Amino acid sequence: MAREDNFDLINLDGPLSVEAILKTLQQRFMEGHCYTWIGPVLLCINPFEAPGPAVHAVLKHLCEQVLQEMANDQLPHALIFK
């Protein structure tokens, strides 16, 4: 799956704490990175702008992947859009 950047919050250096996560998300947002991966989860900090084509492609792929996993393992999955 193509990602606009390779940053994944799972690989955050140092002790993993709420403060470290929030600081990292704030820093990424200030640098123009509204989207952050947390493993297979794509987190979006509301950029007050329409997502670009790359994000649409990632979201489409994620939806297809979840549907396939649901069909294969019969376990519940969730995609939350707000």
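Two strands count as paired if DSSP finds at least two bridges between them.

**Figure 1. Overall layout of the chain.** The predicted model holds 2 helices and 2 strands. Along the sequence, these elements follow the pattern α-β-β-α. The chain has 82 residues, and 20% of them are buried. Its accessible surface comes to about 6400 Å². Carbon and sulfur atoms contribute 62% of that surface. Among contacts with a separation of 6 or more, 35% link residues 24 or more positions apart.

Figure 2. Strand β1 covers residues 35-38, and strand β2 covers residues 41-44. The two strands run antiparallel and are joined by 4 bridges. Between the strands lie 2 residues. In this turn, G39 has a positive phi of about 65°. Across the pair, T36 stands opposite L43. W37 stands opposite L42.

Figure 3. L9 belongs to the segment before α1. This residue counts as buried because its relative accessibility is 7%, and the cut-off for buried is under 20%. Which residues does L9 touch, beyond those up to four places away in sequence? They are I21, T24, L25, T36, W37 and I38. L9 and L25 are 16 residues apart along the chain. Their C-alpha atoms are separated by 8.8 Å.

Figure 4. Is T24 buried or exposed? T24 is buried, because its relative accessible area is 13%, and under 20% counts as buried. Leaving aside neighbours within four places in sequence, T24 is in contact with F7, L9 and L12.

Figure 5. I10, I38 and V41 make a nonpolar surface patch. The patch amounts to about 250 Å². Why does I38 count as partly exposed? Its relative accessibility is 32%, and partly exposed lies between the 20% limit for buried and the 50% limit for exposed. Patch residues need over 30% relative accessible area, and I38 has 32%. I38 is also among the residues that L9 touches.

Figure 6. How many disulfides does the count give? The count comes to 0 disulfides. For C34, the closest cysteine sulfur is in C44, 6.1 Å away, and therefore too far for a bond. A disulfide needs two cysteine sulfur atoms within 2.5 Å. C44 is likewise in no disulfide, and its nearest cysteine sulfur is that of C34. The surroundings of the two residues can be read from their accessibility. C34 counts as buried, at 11% relative accessibility. C44 is partly exposed, with a relative accessible area of 38%.

Terms used
Residues are numbered from 1 along each chain as its sequence is written. This is a predicted model: local features need pLDDT of at least 70, side-chain atom pairs count only at pLDDT 80 or more; totals for chains, interfaces and linings use all residues. Side-chain values use heavy atoms; hydrogens and water are left out. Patches are made of residues with over 30% relative accessible area and no salt bridge: like charges are joined within 9 Å, nonpolar side chains (Val, Leu, Ile, Met, Phe, Trp, Tyr) within 5 Å. Accessible areas come from the Shrake-Rupley method with a 1.4 Å probe; for residues, only the protein chains shown count as cover. A salt bridge is a side-chain nitrogen of Lys or Arg within 4 Å of a carboxyl oxygen of Asp or Glu. Buried means under 20% relative accessible area, exposed over 50%, partly exposed in between (1.4 Å probe, protein chains only). Contact means heavy atoms within 4.5 Å.
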